[in-house]
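Here is a short briefing on a predicted model.

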Amino acid sequence: MSDRTDSQEAIHALFGGTFDPIHYGHLKPVEALAKEVDLQHITLLPNHVPPHRPQPEANAQQRLKMVELAVEGNPLFSVDERELHRTAPSYTIDTLEEIRREKGARLPLAFIIGQDSLLTLHYWHRWQSLLDYCHLLVCARPGYASRLDTPELERWLENHRTANVSDLKQQAHGLIYLAHTPLLDISATDIRLRKHRGQSLDDMLPPSVQAYIEQQGLYM
């Protein structure tokens, strides 16, 4: 069982990603999630070397700058650079262990993922240990299956799933919450392809990020 707190506490929420580039498909669902589960703050964690994906086109400093520009002036967000300073592959479980040591055992800690990541979670490094350190908050994504691959994985999900937001604040870790966030069909892959083709990126990412992409000559 997860450690229980004596009373409801604010959830420390983390949202990791390659952010190559960061866009509204990242930002708007997590802003909606914050309202749904009463998150006061979300820490963005840009990845350095994503183990399960092709290497980013923008370098680490460019991706960090785009994240900083995207959330500038928005008090909901802050940026944590720790994964960008690693030279080895960036495993989520390592970051969660590190942050849990910093924050203590009793703070409710949550890691935000999309439905696409939930479906492939069993391929992550030490995936079965994730819930020993955090809750998982899952944002809906368009075009992805609603059920996991096997009956065993479905049972794992149901054993940890809660629909009660207060549970997330009363336990430090161990729960999965499937959020009712907006379905935005925006991907970094599509943005890079559109940029390469010279197509408009309006309404897909913040103007400050689009201006930086132009200035840096990214995704040409």
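Which unit do E1, helix H1 and E2 make? E1, helix H1 (residues 24-37) and E2 make a right-handed β-α-β unit; right-handed means that, with the strands pointing away from the viewer, the path from the first strand over the helix to the second runs clockwise. Helices (H or I, at least four residues) and strands (E, at least two) are DSSP runs, numbered from the N terminus.

The model is predicted: local features need pLDDT of at least 70, side-chain atom pairs count only at pLDDT 80 or more, and totals for chains, interfaces and linings use all residues. Residues are numbered from 1 along each chain as its sequence is written, and side-chain values use heavy atoms, without hydrogens and water.

**Strand E2**
- E2 (residues 42-46) is largely enclosed by the rest of the structure, because 5 of its 5 residues are buried (under 20% relative accessible area, 1.4 Å probe, protein chains only).
- Ile42, Leu44 and Pro46 point one way, Thr43 and Leu45 the other.
- E1 (residues 12-17) runs parallel to E2, joined by 5 bridges (strands pair if DSSP finds at least two).
- Glycine 16 stands opposite leucine 45.
- E3 (residues 77-79) also runs parallel to E2, through 3 bridges.
- Isoleucine 42 stands opposite phenylalanine 77.

**Aromatic pairs**
- There are 2 aromatic pairs (ring centres of Phe, Tyr or Trp, its six-membered ring, within 6.5 Å; edge-to-face means planes over 60 degrees apart).
- Phenylalanine 15 and phenylalanine 19 pair edge-to-face, at 5.7 Å centre to centre and 70° between the planes.
- Tryptophan 127 and tryptophan 156 are edge-to-face, with centres 5.1 Å apart and planes at 80°.
- Both tryptophan 127 and tryptophan 156 are buried.

Terms used: Buried < 20%, exposed > 50% of the residue type's maximum accessible area, 1.4 Å probe, protein only. Phe/Tyr/Trp six-rings, centres within 6.5 Å; stacked < 30°, edge-to-face > 60°.
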